[in-house]
Amino acid sequence: MTTEEADNGGRPLSQVIRARIQQAGRRFHANDNIADFIEPGELDRLQVEVEAKLQAVLESLVIDTVSDHNTQETARRVAKMYLREVFRGRYEPAPSVTEFPNVERLNQLMIVGPITVRSACSHHFCPIIGRVWIGVLPKEDSNLIGLSKYARLCEWIMNRPQIQEEAVTRLADLLQDKMQPDGLAVVMEAEHFCMSWRGVRDMESRMTNSVMRGAFLDDAPLRREFLALLHRKP
């Protein structure tokens, strides 16, 4: 038994965190954020646990991590990558969002993008690399958010294992909650490495999907204007 397990009553830290989530009646799917259930300092300790289990995976793959200098630190690097980089949207709280009063009572279409996004397929943990465009029709009496915050919120949502359809919906839900606009549109186009790197190995295919809310859903001319402007962008 490790010192970490001894401190947790014989359980690995991952099981302790899992129990907290279950006791609260919350989900912990691959694309759920669980930051509320991780106490200060625990992410470092969780990374050590993940490293040990990844080392076991390497050993089961019959990779010599003792004499092969290229893989001696692979388990540590991959554990850090998952928790601190490509999946950090699961483990870190949402970024703070600066809001500005809509002093001029703007209610015209604005488009942000393309924003480069990186995610991972929850089926194979292969990268998803693409671009996102966001269309907003603000309310005259609601606040606006800083331009850079769109990219930060995108990054927070996308840095999780998931399928693209759910990622776009999650992003739309978050923006809708933050801004309460009259209309919201999110379009994502991405390459899936689970198709280009493995499986059919099709290097050309892309997936594009969209979520339309409010005025973008009800007002066909507004929707056409957004899509027409989007298609003009590189």
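Mentor: Definition first. On a 1 Å grid over the protein atoms alone, a pocket is an open set of points where a 1.4 Å probe fits, with protein on both sides within 12 Å along at least five of seven lines; lining residues have an atom within 4 Å of a point. Also, this is a predicted model: local features need pLDDT of at least 70, side-chain atom pairs count only at pLDDT 80 or more, and totals for chains, interfaces and linings use all residues. Residues are numbered from 1 along each chain as its sequence is written, and side-chain values use heavy atoms, without hydrogens or water.

Trainee: OK. Which residues lie nearest the centre of the largest pocket?

Mentor: S14, R18, V50, R90 and Y91. In total, 20 residues line that pocket. Elements giving two or more of them are α2 (13-23), α3 (42-60), α4 (74-86) and α5 (88-91). Helices here are DSSP runs of H or I with at least four residues, strands are E runs of at least two, and numbering starts at the N terminus.

Trainee: Which element gives the largest share of the lining?

Mentor: α3, with five residues.

Trainee: Switching to α2. Which residues there are buried?

Mentor: L13, V16, I17 and I21. Buried means under 20% relative accessible area, exposed over 50%, partly exposed in between, with a 1.4 Å probe and protein chains only. The four cover an arc of only 135 degrees around the axis, so they sit on the same side of α2. That arc is taken from the directions from the helix axis to the C-beta atoms.

Trainee: And the sheet? What's the strand order?

Mentor: β5-β2-β3-β6-β7, open, with mixed pairing. Two strands pair if DSSP finds at least two bridges between them. β5 (161-162) and β7 (207-214) are at the edges with a single partner strand each, so one side of each has no neighbour in the sheet.

Trainee: How do β3 and β6 pair?

Mentor: Antiparallel, over 10 bridges. W133 stands opposite V187 in β6.

Trainee: Last topic: how many aromatic pairs?

Mentor: Four. Rings of Phe, Tyr and Trp (its six-membered ring) pair if their centres lie within 6.5 Å; planes under 30 degrees apart are stacked, over 60 edge-to-face, the rest tilted. Y82 and F125 are edge-to-face, 5.8 Å centre to centre with 65 degrees between the planes. Y82 is in α4 and F125 in the loop between β2 (110-121) and β3, so the pair ties together parts 43 residues apart in sequence.

Trainee: Is F125 buried, exposed or partly exposed?

Mentor: Partly exposed, at 41% relative accessible area.
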